[in-house]
Amino acid sequence: VQLQASGGGLVQSGGSLRLSCAAAGRTFSNYAMGWFRQAPGKEREFVAAISWSGGIAYVADSAKGRFTISRGNAKNTVYLQMNSLKPEDTAVYYCAAARNNVFSVETATNILHYDYWGLGTLVTVSS
């Protein structure tokens, strides 16, 4: 699966962005999808994940109430709607795909669970 993330940019604190991740190469609906982010000098961390059907989603505590993950299987795309952005949300955001059929909070939040990664898109939130 090839993944291409887009939609990053510079936004003021309190603003919104919508990230997209387009998938190609395999049957998109067979994969759980996740978003992770990595800030300068920090480890990559979980942001949100969604099951293959879109029926189950997990969001990191730091993003709950502000970020929403969704997917459009017909368009082979997963989205991350980010509202009320804060400077601490500044990071490179990566989308990832997981083949494993087990989708739980333990697997969805685990970087090692994902098999394919996109190149990332930079989100910068100014104060």
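The largest pocket is lined by 13 residues, among which Arg 37, Lys 42, Glu 45, Glu 88 and Asp 89 lie nearest its centre. A pocket here is an open set of points on a 1 Å grid over the protein atoms alone, with protein on both sides within 12 Å along at least five of seven lines, and its lining residues have an atom within 4 Å of a point. Its volume is about 150 Å³, a volume being the space filled by probe spheres set on the points, which are joined across faces, edges and corners. The lining divides into 2 nonpolar, 3 polar and 8 charged residues, where Asp, Glu, Lys and Arg count as charged, Ala, Val, Leu, Ile, Met, Phe, Trp, Tyr, Cys and Pro as nonpolar, and the others, Gly among them, as polar.

The model is predicted, and local features need pLDDT of at least 70, side-chain atom pairs count only at pLDDT 80 or more, and totals for chains, interfaces and linings use all residues. Residues are numbered from 1 along each chain as its sequence is written, and side-chain values use heavy atoms, with hydrogens and water left out.

An open sheet is formed by 4 strands in the order β1-β3-β8-β7, with antiparallel pairing; strands are DSSP runs of E with at least two residues, numbered from the N terminus, and two of them pair if DSSP finds at least two bridges between them. The edge strands, each pairing on one side only, are β1 (2-6) and β7 (67-72). Two of the pairings are set out below.

| Strand pair | Bridges | Bridge partners |
|---|---|---|
| β1 and β3 (residues 17-24) | 5 bridges | Ser 6 and Ser 20 |
| β7 and β8 (residues 77-82) | 6 bridges | Arg 71 and Val 78 |

Within β1, Leu 3 and Ala 5 make up the covered face, whereas Gln 2, Gln 4 and Ser 6 make up the uncovered one.

Two further residues can be described individually. Ile 111 lies in the loop between α1 (105-108) and β10 (116-117), and counts as partly exposed because its relative accessibility is 31%, the partly exposed class lying between buried (under 20% relative accessible area) and exposed (over 50%), with a 1.4 Å probe and protein chains only. Not counting residues up to four places away in sequence, Ile 111 touches Phe 36, Arg 44 and Trp 117, contact meaning heavy atoms within 4.5 Å. Gln 12, placed in strand β2 (residues 9-12), is exposed, with a relative accessible area of 60%; with residues up to four places away in sequence again left out, Gln 12 touches Val 125 and Ser 126.

Notes. On a 1 Å grid over the protein atoms alone, a cavity is a set of points where a 1.4 Å probe fits but cannot get out, and a pocket is an open set with protein on both sides within 12 Å along at least five of seven lines; lining residues have an atom within 4 Å of a point.
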